[in-house]
Amino acid sequence: MSGSDEGLAETFWAVTRRLRHQTKRALEPWEISPGQARALGVLMRHGALRPGALAEHLRIAPRSATEVVDGLQERGLVERRPDPGDRRATLVAPTAEGERVGTAIRQARATEAERFFGALSPDDRAELTRILRLLREE
């Protein structure tokens, strides 16, 4: 790795840490972890899912997904219910409160993202988006 690559990686990780810190701060009013917020967002986008499918969307182990769902259920943000297509299976779905909180979180995160990336021109944002999509697909 050349010196400039090392500088790029260090800069990337510093930006990632800053974005992660801002995300945690944005979630504080709801006392929800970033992982729980991601799970709630997936359920709002895709509707009720089996826990295994939720784990796949989140790219986490099924056991970890169960822990995330347990935390969300304790807060009244999701509910488990029988899968009408297979009574032995369970679906996880957002409750009305989960929908309300999920929408508020999405709006807060959009505001934070706008603030975070606000220093960039529209052309720079488009270029950064293009580059990050390339890296994500590798």
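This is a predicted model: local features need pLDDT of at least 70, side-chain atom pairs count only at pLDDT 80 or more; totals for chains, interfaces and linings use all residues.
The volume of the largest pocket comes to about 2,100 Å³.

Who supplies the lining? Five helices each give at least two residues: helix 1, residues 3–27; helix 2; helix 3; helix 5, residues 96–117; and helix 6, residues 122–137. Which helix gives the most to the lining? Helix 1, with 12 residues.

Of its residues, 23 are nonpolar. Another 10 are polar, and 11 are charged.

Next, a pair of helices. Helix 2 and helix 3 both contribute to the pocket lining, and they also pack against each other, with residues in contact. Two packed helices are described by the angle between their axes and the distance between the axes. Take helix 2, residues 34–46, and helix 3, residues 51–58. Their axes come within 10 Å. The crossing angle is roughly 110°. So helix 2 runs roughly perpendicular to helix 3. What is the hand of this crossing, left or right? Right-handed.

Which residues meet there? From helix 2, we have Arg38, Ala39, Val42, Leu43 and His46. From helix 3, the partners are Leu54, His57 and Leu58. By class, this contact has 5 nonpolar residues, 2 polar and 1 charged.

To recap. Helix 2 and helix 3 cross at roughly 110°, in a right-handed sense.

Technical notes
Residues are numbered from 1 along each chain as its sequence is written. Side-chain values use heavy atoms; hydrogens and water are left out. Axes are lines fitted to C-alpha atoms, for helices over the stretch in contact, and angles run from 0 to 180 degrees between N-to-C directions. Helices (H or I, at least four residues) and strands (E, at least two) are DSSP runs, numbered from the N terminus. Angles under 35 degrees count as roughly parallel, over 145 as roughly antiparallel, 65 to 115 as roughly perpendicular and the rest as oblique. A crossing is left-handed if the near helix is turned anticlockwise from the far one by less than a right angle, and right-handed if clockwise. Contact means heavy atoms within 4.5 Å. Ala, Val, Leu, Ile, Met, Phe, Trp, Tyr, Cys and Pro count as nonpolar, Asp, Glu, Lys and Arg as charged, and the others, Gly among them, as polar. On a 1 Å grid over the protein atoms alone, a cavity is a set of points where a 1.4 Å probe fits but cannot get out, and a pocket is an open set with protein on both sides within 12 Å along at least five of seven lines; lining residues have an atom within 4 Å of a point. Grid points are joined across faces, edges and corners, and a volume is the space filled by probe spheres set on the points.
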